[in-house]
Amino acid sequence: MTSAERVVAVLAVDGVVGFDLSVPCQVFGMAADAGERPRYEIRVCALRPGPMATAEQFGAFSFHPSWGADALGQAHTIVVPGYEGFLDEPPEDAVAALRSAAESGVRIASVCTGAFLLAASGLLDGGRATTHWRYAAELARRHPAVEVDPAVLFVDNGQVLTSAGVASGLDMCLHLVSRDYGASAAAATARRLVMPLQRGGGQAQYLDHEPPPSEGASAGLQPTLEWMEANLDRPLGLKDIARQAGLSVRSLNRHFREQVGTTPLQWLLRARVHRAQRLLETTDLAVDRVAERSGFGSAATLRHHFSRVVETSPQSYRRAFSLTTASDD
């Protein structure tokens, strides 16, 4: 036992993602006071004794956790990394352990797809959460009591936190250091990690330019999503979309929530933002023309929605990601 003030337990389940497992170990392990005394003790925990292997997809390696399930209840914070079986039935012993820890007041956070285990434990019900944007719609479909935000880096609900894919776990852990010891401690930890100060949780994930998630859509709804994508530059209201889908507006909203994890108009908004991102990256069109072609109508409307979703202006986004040599608009 070290002289650290707080214990962080990292829960390793079968097929844990190696990078996600190491993120809390690195961040909390680097946090030290002015006298170089560690602020946290890190305990990698498993619910069963013996060696474990990380996710095969990312280059599996074996490791041997030093702590068992009893360490979870003794922790100040539990971090649940992503794992490759997150779409399967959740491990019952992990669900029970997390519920018990939460009831005793332990702070619990997830990295990437670890949010699926928190959701299965009921810890996200009635609150806002995030996960990797690619799986956000599936999380929302499986757990309708959770308000899933696919765009942000992390969500802090007080006792429970969730972060998006991979590197956003670094941001969330630095945020927790700031909560525990202040901004200066988080800044010092970031310098030790040779990384920038943490980004705010509300900053958007820079998403790949696929349409907003529709993996869960049924064959009946998929043509409607494709039609919406093909007609982004047209004024589209709920009645127009419902007519295309052959549904009432009420049924349309229900099907979207169940199958896509959001509402038709929210899906449409994000699809238009994605279209604007592609145009800003690959063309030298002025912002008002980008607005027209992505369905926002005016540059002012584009700037408003783009800034809310991407957390930066169209001009700043173009400067950072443009594939052309165009000057600004």
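These are my notebook entries on a predicted model of one protein chain.

**Ground rules.** I number residues from 1 along each chain as its sequence is written, and side-chain values use heavy atoms, with hydrogens and water left out. Since this is a predicted model, local features need pLDDT of at least 70 and side-chain atom pairs count only at pLDDT 80 or more, while totals for chains, interfaces and linings use all residues.

**Overview.** I get 14 helices and ten strands in the protein chain; these are DSSP runs numbered from the N terminus, helices being H or I with at least four residues and strands E with at least two.

**Cores.** I searched for nonpolar cores, meaning sets of buried Ala, Val, Leu, Ile, Met, Phe, Trp, Tyr and Cys residues joined through side-chain atoms within 4.5 Å. The largest has 34 residues, and L11, I78, L98, I108, L117 and L118 touch the most other members. At least two residues each come from β1 (6-11), α2 (70-73), β5 (77-80), α3 (92-103), α4 (115-120) and α5 (136-142). Helix α3 gives the largest share, six residues. I then picked L117: setting aside residues up to four places away in sequence, L117 touches V13, V80, Y83, P90, P91, A94, V95 and L98. A second, separate core has 33 residues, including V10, V23, Y40 and L176.

**T54.** I found T54 in the loop between β3 (52-53) and β4 (62-63). Buried or exposed? T54 is buried, at a relative accessible area of 2%. Beyond its neighbours within four places in sequence, T54 contacts G15, V16, G18, G59, A60, F61 and F63. The T54 side chain also reaches the backbone nitrogen of F61 at 3.0 Å.

**Helix α8.** Which residues of α8 (222-230) are buried? I list T224, L225, W227, M228 and E229. They pack against α9 (238-245), α10 (249-259) and α11 (264-282).

Technical notes:
Buried means under 20% relative accessible area, exposed over 50%, partly exposed in between (1.4 Å probe, protein chains only). Contact means heavy atoms within 4.5 Å. A polar contact is a pair of N or O atoms within 3.5 Å; within protein, one must be able to donate a hydrogen and the other to accept it, and residues adjacent in sequence count only if both atoms are side-chain atoms.
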